[in-house]
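Subject: Structure handover

Hello,

Please find the structure below, followed by my notes on it.

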Amino acid sequence: MQTPKIVILGAGYGGLITSRQLEKTLKNGEAEVTLINKHDYHYISTQLHKTGAGTAPDEKITLHIPDLLKTGKVQFKRGTVQNVNFTAKKVQLESGEVIDYDYLMIGLGFDVSTFGIPGVEENAFKIKSFRSTKAIHNHMLRQFAAFKEDQDPSRLTFAVAGAGFTGIEMIGELIEAMPKLCRKYDIPVSETRIINIEAYETVLPGFDQKAIDFTAGYLRKNGVELMTSTKILECSPTSITLDNGEELPSRTLIWSGGVRGNTLLEELALPISKGRIVIDKFLRVKGMDNVFCIGDAALFLKNDGTPLPPTAQVAIQQAEVCGPNLVATLRGQQLKAFEYHHKGTVASIGNKAAVGKVFGLKISGLFAALMKQVIEARYLFVLGGPGLVIKQLFRAGKPQS
Ligand code: FAD
């Protein structure tokens, strides 16, 4: 009998932790496992806002994938997935290469939702991947350099669309970055503007009132202009049109208005709802015994019919069940139903402040910022043990700005 082939698509939180689970659970030679990802590095998505603002060195945000695979049981292949033929059990890569599988795990993550607002897709910057956030920072550097020449205020007007979790984290990093950038280019900080535009009436919709008040106060204290209850109607390379009639001269709109599943998923012949693949309680694609899907790409409905949110916390917990379930499937054993345990949410506002709730306890300020760092360190621990935590903590390299 041929050795069964397991193929994992995407080396994000879901794909990597599933791979680590397979490394732990599979016996030597029990299956051939291939992990496929666009790049040979894993980016820590929960810290992409730091790459955008240039407040963390690249080495802190990206990890070389082959270094994370320790046992030789999982092979890494760099490639971009283009299509999947579920009948023939073949994955088609952009390079033309075709990979056969017996069991498949889809962990292709998220795309940004721009809701068809004119000009946003073409002109706004997205917090989506390491490359897209690196593009934000490079653009900011160009604007500072050009301002020295033409003094056009639109160059130093940085707008963030969305005051949800990601938008607030992005704004927090911009607050940290601005004084350093101004020093570098010898421009007074008073020449810069950070504007947060949110359609809802408060920042951090869904958070409790104390967290909302703390965040709004912190942003205002640090000079951020909050435009809540304001919708963006259009975006051009040099301005943003708002529903209050204002035309905001700005060459930088950072879009964090929402996420959806990877757009590639819609081209696959799979059950899709709200841009995500519908999965069952065992994390299998609905109606398929040999195809699993987790993380932001997956739509998992809780008992009350509401979907789990697209978070790293969900992706990691699902991967911890998905790995063993893949092994149970190939061994013909009973699968485990997935149960989500929410441990809390902490949104950072730069390095020195954060807000959230951990194990039911509301936290804010510096203590919350330290908790956020503990949460990030825990992920590194799960991925690579204490060695990786220490390596990343003391990683050399200066922030970009
Ligand atoms: P991803 O981590 O997005 O991984 C998908 C992988 O698939 C990537 O490596 C990508 O390169 C690869 N890929 C995509 N398309 C292809 C293709 N066609 N071919 C090959 N490879 C492909 N969640 C939290 O729980 N807590 C937080 O504090 C938090 N903060 C966040 C802050 C920011 C700025 C952002 C953007 C997100 C944050 N999230 C947070 C959400 C979290 O990052 C996501 O929920 C998580 O990354 C989802 O993991 P995933 O494995 O499903 O997908």
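Asp152 has a relative accessible area of 22%, which makes this residue partly exposed. The model is a predicted one, and in it the side chain of Asp152 forms a salt bridge with that of Arg251, at 2.8 Å from N to O. Asp152 sits in the loop between helix 6 and strand 12 (157–161), and Arg251 in the loop between strand 17 (247–249) and strand 18 (252–255), so the bridge ties together parts that are 99 residues apart in sequence. Arg251, at 23% relative accessibility, also counts as partly exposed, because the range for that class lies between 20% and 50%.

The structure holds 15 salt bridges.

Asp111 and Lys128 meet through their side chains in a salt bridge of 2.7 Å, N to O. Asp111 belongs to strand 10 (residues 110–112), while Lys128 is in the loop between strand 11 (125–126) and helix 6 (130–150); the two are 17 residues apart.

Lys352 and Glu176 form a salt bridge in which the closest N and O atoms are 3.2 Å apart. This pair links distant parts of the chain, 176 residues apart: Lys352 is in the loop between strand 24 (344–348) and strand 25 (354–358), and Glu176 is in helix 7 (residues 165–185). Lys352 counts as exposed, with 52% relative accessibility, because the class begins over 50%. Glu176 is buried, with a relative accessible area of 13%.

On to the domains. The domain assignment divides the chain into domain 1 (5–112 + 260–342) and domain 2 (114–257 + 344–401). Their C-alpha centres lie 28 Å apart. Domain 1 puts 35 residues into the contact and domain 2 puts in 38 residues. About 3300 Å² is buried between domain 1 and domain 2, and carbon and sulfur atoms give 57% of that area. Which residues of domain 1 lose the most area to domain 2? They are His49, Thr55 and Val112, which together make up 19% of what the domain 1 side buries. The rule finds 2 salt bridges across the interface of domain 1 and domain 2.

Two sites remain. Phe207 is in the loop between strand 13 (193–197) and helix 8 (209–221). Leaving aside residues up to four places away in sequence, Phe207 touches Phe165, Ile212, Thr345, Ala347, Val355 and Gly356.

Ile390 is part of helix 10 (residues 366–393).

Regards

Notes
Residues are numbered from 1 along each chain as its sequence is written. This is a predicted model: local features need pLDDT of at least 70, side-chain atom pairs count only at pLDDT 80 or more; totals for chains, interfaces and linings use all residues. Side-chain values use heavy atoms; hydrogens and water are left out. Helices (H or I, at least four residues) and strands (E, at least two) are DSSP runs, numbered from the N terminus. A salt bridge is a side-chain nitrogen of Lys or Arg within 4 Å of a carboxyl oxygen of Asp or Glu. Buried means under 20% relative accessible area, exposed over 50%, partly exposed in between (1.4 Å probe, protein chains only). Domain bounds come from an automatic or database domain assignment. Contact means heavy atoms within 4.5 Å. Buried area is the accessible area (1.4 Å probe) that two parts lose on being put together, summed over both.
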